[in-house]
Amino acid sequence: MRKLLVTVTVLGALLVAADRVAVAVASGVVASELRTSGSLESDPSVAIKGFPFLTQALGGKYDRIELSATSLSRGGVRLARLDATIVGTRLPLADALGGAVSSVPVDGLSATALVTYADLAAMSKVPEIALAPVTGGVRVSGRLVILGRTVTASTVSTVRLERGDIVFTARSMAVDGRPVSGAAAGLLDLRVPVGKLPYGLALTGVQITGPGLVLSARSGPTTLVAPR
């Protein structure tokens, strides 16, 4: 009985080890594929969820894959970080092991992207501008030239998405510490382009947080095709 238990334990350990080796190999292949298909500068961090992995691998379909990438720019504001969850990934094990992957069909993706206030300020083209979260929105502060006079202005602005841009609209404004209204209140309204997101992701929402704005995005069924 003891020998049987030892044998079972050893076999179990070998199966677990084989499972972890297989998931490491597949993760590397998927990371390379996602780098190419998403035109990333480096391989993203990839985690294939679910245990045992070999059950999914033998079926060629993975329930959930998580990826993280940093410092992305696609003709718009820099994304400091992108975190995505991919569901229903189809990747035959033989293709992964043989390096014969040309495309990866998936059922869909959901993602969040962090845009820092410093990067938003850099894209605004307003001199000496600063952005910071406050109750009720984002404070936008900068220097403006009004009637030939340089003044310090600040607003509390709402934030929304519009046609792929992040739009800041002033709710209130002060110039040199004095409240102003009318047309002048919109002098610090901003429109910052996000740029094209990878993997067919489309923006769905924006949230104000301490480190920056967190954008949410989704994509339906698609195929991650690696350019060859």
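1. Let's start with confidence. The chain has an average pLDDT of 77, and 70% of its residues score at least 70; pLDDT is the predictor's confidence in each residue, from 0 to 100. Residues 1-18 have a pLDDT below 50, and this stretch makes 2 contacts in the model beyond near neighbours in sequence (contact means heavy atoms within 4.5 Å). Where pLDDT is low, the predicted coordinates should not be read in detail.

2. A word on ground rules. This is a predicted model, in which local features need pLDDT of at least 70 and side-chain atom pairs count only at pLDDT 80 or more, while totals for chains, interfaces and linings use all residues. Residues are numbered from 1 along each chain as its sequence is written, and side-chain values use heavy atoms, with hydrogens and water left out.

3. Now to the sheet. An open sheet is formed by 6 strands in the order S1-S2-S3-S5-S13-S12, with antiparallel pairing. Here helices (H or I, at least four residues) and strands (E, at least two) are DSSP runs, numbered from the N terminus, and two strands pair if DSSP finds at least two bridges between them. S1 and strand S12 (202-208) are the edge strands, each pairing on one side only. From one strand to the next, the twist averages 15°; axes are lines fitted to C-alpha atoms, for helices over the stretch in contact, and angles run from 0 to 180 degrees between N-to-C directions.

4. Within that sheet, have a look at strand S3 (residues 79-90) and strand S5 (residues 108-116), which pair in the antiparallel sense over 7 bridges. Leu 82 stands opposite Ala 113 in S5. Helix H4 (residues 117-124) packs on the sheet and touches S5, S12 and strand S13 (212-219); the direction of H4 makes about 75° with that of S5.

5. Ser 42 sits in the loop between helix H1 (2-37) and strand S1 (45-48). Ser 42 counts as partly exposed because its relative accessible area is 45% (buried means under 20%, exposed over 50%, partly exposed in between, with a 1.4 Å probe and protein chains only). Ser 42 and Thr 70 are 28 residues apart in sequence, and their C-alpha atoms are 8.9 Å apart in space.

6. Most residues other than glycine have a negative phi. Arg 163, in the loop between strand S8 (149-162) and strand S9 (165-175), has a positive phi near 50°. Tyr 199, in the loop between strand S11 (190-193) and S12, has a positive phi near 65°. Arg 163 is exposed because its relative accessibility is 73%, whereas Tyr 199 is buried, at 7% relative accessible area.
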